[in-house]
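Load the model and keep the selection tool ready. Each stop below says what to select and what is there.

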Amino acid sequence: MAESSPLGHPLDAGTSNRERWGWYLFDFANSILIMNGGLYFPQWIVIDNGVSALWFNLVFTLSTLLLLVTGPLLGILSDRGWGRVSFLRYTSAAMFIGGCVIGFGGRFIADRDVRVASSLAGFFVIMYCYQLSLIFYNVLLARVSLPHQAARVSGRGFSWGWVGGIAAVLFILPFVHGKIPLFQPGGRIQAILPSTLIFGMLTTASLLW
């Protein structure tokens, strides 16, 4: 008889391995968007668009405050059966949309004020949904590992997140330098759209697992 996790999910070898790698991949995928967004977006807003750093910091602060207000409530709903993976689907879809708003808007919206406002809104969505997703992602550790495996699986997930962050920086450099067709001329904004697309593909694969 297959063992069960603390959440009552059956952990046969095939299911646990598949879901565990999906769990790793989710952190890897998130790191690609968050690393490049955190590295290039503030510089693009402040330096390339001449916006005060106060606006960027305000968006970051407001997203965290909203998390503090809504996170506990959504966590309770999740514990009562609303589905942790479903919440991850919603937050991932919203992050993907936010990244597309920044990537396309930053390249094709000519009006500076509209471009900046839409991009800050997209960044707000990304930061709020990323922080929110961690609530449901971390709880799923009990679904992909047994108690005696939790420390090892958690450490590997953390490591895959760092691997994703390092890979993100290396992967995106040709886009920023304008060496990739359709992403020319180069610039900081060119980091966002390819990061978003890769994030979307990998996260979809992760959640299917």
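**Start of α4**

Select D111 and D113. At the start of α4, a side-chain oxygen of D111 comes to within 3.1 Å of the backbone nitrogen of D113. Helices here are DSSP runs of H or I with at least four residues, strands are E runs of at least two, and both are numbered from the N terminus.

A note before moving on: this is a predicted model, where local features need pLDDT of at least 70, side-chain atom pairs count only at pLDDT 80 or more, and totals for chains, interfaces and linings use all residues. Residues are numbered from 1 along each chain as its sequence is written, and side-chain values use heavy atoms, with hydrogens and water left out.

R112 forms a salt bridge with D113, and their closest N and O atoms are 3.0 Å apart. A salt bridge means a side-chain nitrogen of Lys or Arg within 4 Å of a carboxyl oxygen of Asp or Glu. Colour by accessibility next. R112 is partly exposed, at 36% relative accessible area. D113 is exposed, at 54%. The cut-offs are under 20% relative accessible area for buried, over 50% for exposed, and partly exposed in between, with a 1.4 Å probe and protein chains only.

**Along α4**

Now select 112-139, the whole of α4. Does the length fit a helix, or what span should its 28 residues have? At 1.5 Å a residue they should span 40 Å, and the end C-alpha atoms are 41 Å apart, which agrees. The expected span is 1.5 Å times one less than the number of residues.

Stop at Q131, which lies in α4. Q131 counts as buried, at 17% relative accessibility. The side chains of Q131 and T64 are joined by a polar contact of 3.4 Å. Such a contact is a pair of N or O atoms within 3.5 Å; within protein, one must be able to donate a hydrogen and the other to accept it, and residues adjacent in sequence count only if both atoms are side-chain atoms.

**The cavity**

Select L33, I34, G37, G38, F41, I102, F123, I126, M127 and I192. These residues line the largest cavity. The elements giving two or more residues to its lining are α1 (13-48) and α4 (112-139). α1 gives the most, with five residues. By class, the lining has eight nonpolar, two polar and no charged residues. Here Ala, Val, Leu, Ile, Met, Phe, Trp, Tyr, Cys and Pro count as nonpolar, Asp, Glu, Lys and Arg as charged, and the others, Gly among them, as polar.

How many cavities of 30 Å³ or more does a search of the whole structure find? It finds one. The volume of the largest cavity is about 60 Å³. A cavity is a set of points on a 1 Å grid, over the protein atoms alone, where a 1.4 Å probe fits but cannot get out; lining residues have an atom within 4 Å of a point. Volume is the space filled by probe spheres set on the points, which are joined across faces, edges and corners.

**Along α1**

Centre on I34, in helix α1. I34 is buried, with a relative accessible area of 19%.

R18 is partly exposed, at 42% relative accessibility. Its C-alpha is separated by 8.8 Å from that of V144, 126 residues away along the chain.

**From α1 to the loop**

Select D48 and R188. Their side chains meet in a salt bridge (2.7 Å, N to O). R188 lies in the loop between α6 (150-176) and α7 (192-208) and D48 in helix α1, so the pair ties together parts 140 residues apart in sequence. R188 is partly exposed at 24%, and D48 is partly exposed at 39%. The structure holds two salt bridges.

**The loop and α7**

Select L182, in the loop between α6 and α7. Its phi is near 75°, a positive value in a residue other than glycine. L182 is exposed, at 72% relative accessibility. Next, take Q184 and P185, which are joined by a cis peptide bond with omega about -5°. P185 is in the loop between α6 and α7. Most residues other than glycine have a negative phi, and most peptide bonds are trans.

Finish on α7. α7 has 17 residues and reaches 24 Å from its first C-alpha to its last, close to the 24 Å expected at 1.5 Å a residue. Its buried residues include I192, L193, F199 and L207.

Key: On a 1 Å grid over the protein atoms alone, a cavity is a set of points where a 1.4 Å probe fits but cannot get out, and a pocket is an open set with protein on both sides within 12 Å along at least five of seven lines; lining residues have an atom within 4 Å of a point.
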